[in-house]
Amino acid sequence: MPEAFESIYQVLGRDFSNAGKVSTSIKDTLKRLGVSPAVVRRVAIVSYEAEMNLVMYAIRGKVALSVSRESVTLKVDDEGPGIPDINLALQEGYSTATAEMREMGFGAGMGLPNIRKNADEFDISSEVGRGTKLCIRILQAAEVI
Amino acid sequence: MASQYHHSLRFDVDRCEGCMSCMRACPTAAVRIRKGRAMKLADRCIDCGECIRVCPRAAIVPLTDQMADLSKFKYKIAIPSPALYAQFDTEVFPSMIFAALKQCGFDDVESVSPACDAVTIATEIFLNEYRGQYPLISSFCPTVVRLLQVKYPELVDQLLPVLAPREVSARDAKLRKSRETGLPPEQIGAVYITPCPAKIVAILEHPGMQRSHLDAAVSICDLFQTLAAALSPVQESEYKLDAAESADGLSWAFLGKFPRSLPAENTLSVAGLPNVIRILDDVEKGRLRKYSYIECHACPEGCVGGCLTVENPYLARGKAIRLQQSLPAGCIVERSEVEASYRKKEFLMDESLAGRPLSPLDEDISKAIIKMKERDRILWDLPKIDCGACGAPSCRAFAEDVVLGEADEALCVFRWQRVLGERIEELANLVRTQRQTIGGQP
């Protein structure tokens, strides 16, 4: 059983004043663990996009971080409206953001595509009216000797 | 590990009373109180000088040069930060300050504002031709450069590789004076009149450069008294507003609406370390990719708010703006000349900048994971009110120090109080049972 560091972060929907804090915290944790800068950067982008999706669309949700020698895994699980057509949501530029969200600089339709682009493994499932689950894995680069 | 970095601050243990002011003010959690005295963790310190501002005992000494240290140079050129002008009343023109600086022992004085103009143009050219990751981050503030190297190593590639105006100014002035005087360049000292201690580190470590063109830095606050005294005999009528000063160039000393005179579109300026940190956090998350350039000043309001200045930063900023307004608008250098020098790479750094991330909890990630779990276990047991009595700035930092073997868990007064309470309870129970035993006997 490989050693892994695990931590769970709660995120509240519409809580814009705290939005982004979870990804900052995740990023700081990775740095203290000695994860390579390139991986930290990808996780920072992925976790931020996932956190913002949660804040914008869901009622509440959680982000579970797991770091092992081999990889960084993020499991995002929300209670929310769900995504009716996942393939459509994964297209760049497709967005269901409201005018209000766009005014705040979000909702360019890059969230999920950006997450997928930065992940080594990406899995998404969603149930309309229930919520969405994301599982993202980013592999640690070749070990430093 | 730690000792390989230069620093510009020294903690005076004789003056320090362990009051924790510096520990609370430090933006990178680089201060600990050990045995009642403050000490800094050298690899975390970014020389921002926030500790100097708050220390009530003047126990944190900036390691800037003194005038006496400059005697080794045959010829001394003062290169004052434009923040120096803002320390005096508006009727004191830069040309008068230059005359006073010569009274103080400098052979010549070089204005930085023309170099500021040139660097602005060079930055514009660089931005137009740049095709890498956005946003680019300004590199003229040495504390910001260090902050990126230590806390954001993955963003170091986005630091603007254009030289700081003070370096361009020092290089050009030394070349010119060497030609004029016939002295070899190494006998000419270029001395920065600095608003902060970080410039000392920039001279010693010359990030992005094979070497610094500056040779020393004297602080504005150390020089102020002598300079003010030298200013009084300077006849005001003899001096006019200097044509060598550029209105655009002077804006480098304070936070403006937009970075310098760069196009406002897609650029941003930020001042004050906590704000810079927030912005860099956003850059790291990929949130600010639509910005091409972000100008970051570590000090509040920019260099006029440096910790080695004497004037209130807001008053200084106001004065700097008034001085700027009294000059003809715009820049005073020829664009075509700057462009020609730029093509000869005269404005670009000649070494790449490297990150120097803090050592993780352990070099072996598997061990680091175990230590992180242990840190969280310790943290869970702490009061999380960041009282600082243990000598660490936060419960989290304390838990980390314990895991790294640098602090003892028993230093937490709350934990100690709880342990003591438990002991008292145990003792009371013991007494009670003893009494019952004794009392129960016939």
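A: Helices, of at least four residues, and strands, of at least two, are DSSP runs numbered from the N terminus. The model is predicted.

Q: How many helices and strands does chain B have?
A: Chain B contains 15 helices and 11 strands.

Q: What box do the C-alpha atoms of chain B fill?
A: Along the principal axes, the box is roughly 110 × 50 × 40 Å. Of the 442 residues in chain B, 46% count as buried.

Q: Into which domains is chain B divided?
A: Domain 1 covers 2–62, domain 2 covers 67–343 and domain 3 covers 365–440. Between the C-alpha centres of domain 2 and domain 3 of chain B there are 50 Å.

Q: Let us turn to the strands. Which strands form the open sheet of three?
A: The order in chain B is β7-β11-β10, with parallel pairing. β7 (136–137) and β10 (267–271) of chain B each have a single partner strand, so they stand at the edges and one side of each has no neighbour in the sheet.

Q: How many bridges link β7(B) and β11(B)?
A: There are two bridges between β7(B) and β11(B), which comprises residues 293–297. Ile137(B) has Ile294(B) in β11(B) as its bridge partner. The helix α10(B) packs on this sheet, where it touches β10 and β11 of chain B. The direction of α10(B) makes about 140 degrees with that of β10(B).

Q: And β2(B) with β3(B): parallel or antiparallel?
A: β2(B), residues 31–34, pairs with β3(B) in the antiparallel sense over four bridges. The two strands form a hairpin with two residues between them. In the turn, Lys35(B) has a positive phi of about 50 degrees. Arg34(B) has Arg37(B) of β3(B) as its bridge partner.

Q: Which residues of β3(B) are on the covered face?
A: Ala38(B) and Lys40(B) make up the covered face, while Arg37(B) and Met39(B) make up the uncovered one. In a regular strand, side chains alternate between the two faces of the sheet.

Q: Now the helices. At what angle do α4(B) and α12(B) pack?
A: α4(B), residues 113–129, and α12(B), residues 335–343, pack at about 65 degrees, and their axes are 9 Å apart. The crossing is right-handed.

Q: Which residues make that contact between α4(B) and α12(B)?
A: α4(B) contributes Ala118(B), Ile121(B), Ala122(B) and Ile125(B), and α12(B) contributes Arg335(B), Val338(B), Glu339(B) and Tyr342(B). By class, the contact has six nonpolar, no polar and two charged residues.

Q: Where is Lys74(B) found?
A: Lys74(B) is in the loop between β4 (60–62) and β5 (75–80) of chain B. Lys74(B) touches Leu183(B) and Gln187(B), leaving aside residues up to four places away in sequence.

Q: Why does Lys74(B) count as partly exposed?
A: Lys74(B) counts as partly exposed because it has 13 C-beta neighbours inside 10 Å. A residue is exposed with 12 or fewer and buried with 20 or more.

How values were computed. Residues are numbered from 1 along each chain as its sequence is written. Chains are lettered from A and ligands numbered from 1 in the order in which they are written. This is a predicted model: local features need pLDDT of at least 70, side-chain atom pairs count only at pLDDT 80 or more; totals for chains, interfaces and linings use all residues. Axes are lines fitted to C-alpha atoms, for helices over the stretch in contact, and angles run from 0 to 180 degrees between N-to-C directions. A crossing is left-handed if the near helix is turned anticlockwise from the far one by less than a right angle, and right-handed if clockwise. Two residues are in contact if their C-beta atoms, placed from the backbone, lie within 7 Å. Ala, Val, Leu, Ile, Met, Phe, Trp, Tyr, Cys and Pro count as nonpolar, Asp, Glu, Lys and Arg as charged, and the others, Gly among them, as polar. Domain bounds come from an automatic or database domain assignment. Two strands pair if DSSP finds at least two bridges between them.
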